[in-house]
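Have a look at the picture and keep it open while you read.

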Amino acid sequence: MHKMKIRSISDPATAGKVGVASTLLQERTSRSAKRWLRYSIAALLILLALLTACLVQVQAGKATIITRFGSPVRVLLTPGLAWRLPAPFETPLDVDLRSRSTSSGLQDVGTRDGLRVIVQAWAIWKVSPEQQNVLRFIRAVQNQPDEAARQIRTFISSSLETTTSNYALSDIVNTDSKQVKISQLEQQIRAQLQTQLLNSYGIELIDVGIERLTLPAVTLNATVERMRAERETIATERTAEGNRLAAEIRSKADRDARITEADASVEAASITARAQQDSAAVYAKAYSLDPQLYNLLRSLDTLNDVVNKSTRIVLSTDAAPFKALVQKPDNAQKAAP
């Protein structure tokens, strides 16, 4: 069997109309596809915007409070992303948890002994990283650190006034470091403020200390006079102690001198006695050997003791001891009685 080929026979006019219809159909399809693409992109953007509006980022060192129509509903403390309802249903509010410092300024306070002293204290503080304390901070100062610092300065001034009155001026200003109690004063101020600030403002007091300490003119003069009196008292006590020690040393030296002098006198007397004994023995021996020579030497010794350069004596030449000068030894011995 033979296959038959069927050919469509159309005129040019009909063929042109069919091409135009096909082109229009393609354009409509292309426009519809572009429209759906636009709608899809817009929907995706809207979805991303909704997701972005529903996400909140909690930064390190900060706490984020989620408020619903202005009322806090929860506190986010962990850094990272968290969900929330988009505005205006829920709004995030960041609270800085980093440490801050403030100073009270110079303040004139009184001491226990009725004197005045000018003190300036510093404090390091931060918002306590706990949910109830963060909410307490928001309610107390409306998340304004400057207002919180002002309140802290007020508390420090009040604490300085009440605490310093328990200490004398010598406990605060003293040349002896062992008597200075400033560290105790700082600890007492910290203990007094720590609980008050935490319960009232949700603020954690990290540390507090005395920054500057000076004295008014009246107190300074009184302090100088007191220090002078103390030094004079110490000087008097040390002078009296020195005089007492000097008297003891002098008395001991006098006693030792008298004992030494007495021992020396006894020793000298003993030596003199032995010398006289030895001298007598020598004289006796000399006399026994040559009596004439002994008498001559004794006469000369007597003259040496009696006569000096300014002495004038008129004696007979035959009188002792001058006869030894004018007589011979034999004659002198005969003339001797």
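Which residue in β3 is the bridge partner of Ile66? That would be Arg74. Bear in mind as you explore that this is a predicted model.

The protein chain averages a pLDDT of 81, and 85% of the residues score at least 70.

Two stretches call for some care. Over residues 1-10 the pLDDT is below 50, and apart from near neighbours in sequence this stretch has zero contacts in the model. Residues 331-337 also have a pLDDT below 50, but that stretch has seven contacts beyond near neighbours in sequence.

Strand β2 (residues 62-68) and strand β3 (residues 71-76) run antiparallel, and five bridges join them. The pairing of Ile66 with Arg74 is a bridge you can look up in the picture.

Is Phe69 buried or exposed? Its relative accessible area is 63%, so Phe69 counts as exposed.

Asn143 is another residue to check for this feature. Its phi is near 60 degrees, again a positive value in a residue other than glycine. You'll find Asn143 in the loop between α2 (131-141) and α3 (145-164).

## Rings that meet

How many aromatic pairs does the count come to? The answer is two. Phe69 turns up again here, forming an edge-to-face pair with Phe89: the rings are 6.2 Å centre to centre, with 80 degrees between the planes. This pair links distant parts of the chain, 20 residues apart, with Phe69 in the loop between β2 and β3 and Phe89 in the loop between β4 (80-83) and β5 (90-96). Phe89 counts as partly exposed because its relative accessibility is 44%, which falls between the 20% and 50% cut-offs.

Tyr201 has a relative accessible area of 13%, so Tyr201 is buried.

## Following helix α5

Helix α5 runs over residues 182-201, 20 residues in total. From its first C-alpha to its last, α5 reaches 27 Å, close to the 28 Å expected at 1.5 Å a residue. Where does α5 bend? Look at Leu193, where the bend is about 25 degrees.

Leu193 is also one of the buried residues of α5, along with Leu185, Ile189, Leu197 and Tyr201. The cover over these buried residues includes α2, α3 and β9 (203-214). Just after α5 comes Gly202, with a positive phi of about 70 degrees.

Asp171 has its place in helix α4 (residues 169-172). Why does Asp171 count as buried? Its relative accessibility is 11%, and the cut-off for buried is under 20%, so Asp171 qualifies. Leaving out residues up to four places away in sequence, Asp171 touches Arg112, Gln179, Val180, Lys181 and Ile182.

Tyr283 lies in helix α6 (residues 217-289). With a relative accessible area of 34%, Tyr283 is partly exposed. Setting aside neighbours within four places in sequence, Tyr283 is in contact with Tyr294 and Arg298. Tyr283 and Arg298 are 15 residues apart in sequence, and their C-alpha atoms are 9.6 Å apart in space.

Terms used. Residues are numbered from 1 along each chain as its sequence is written. This is a predicted model: local features need pLDDT of at least 70, side-chain atom pairs count only at pLDDT 80 or more; totals for chains, interfaces and linings use all residues. Side-chain values use heavy atoms; hydrogens and water are left out. Two strands pair if DSSP finds at least two bridges between them. Helices (H or I, at least four residues) and strands (E, at least two) are DSSP runs, numbered from the N terminus. pLDDT is the predictor's confidence in each residue, from 0 to 100. Contact means heavy atoms within 4.5 Å. Buried means under 20% relative accessible area, exposed over 50%, partly exposed in between (1.4 Å probe, protein chains only). The expected span of a helix is 1.5 Å times one less than its number of residues. The bend at a residue is the angle between axes fitted to the seven residues ending there and the seven starting there. Rings of Phe, Tyr and Trp (its six-membered ring) pair if their centres lie within 6.5 Å; planes under 30 degrees apart count as stacked, over 60 as edge-to-face and the rest as tilted.
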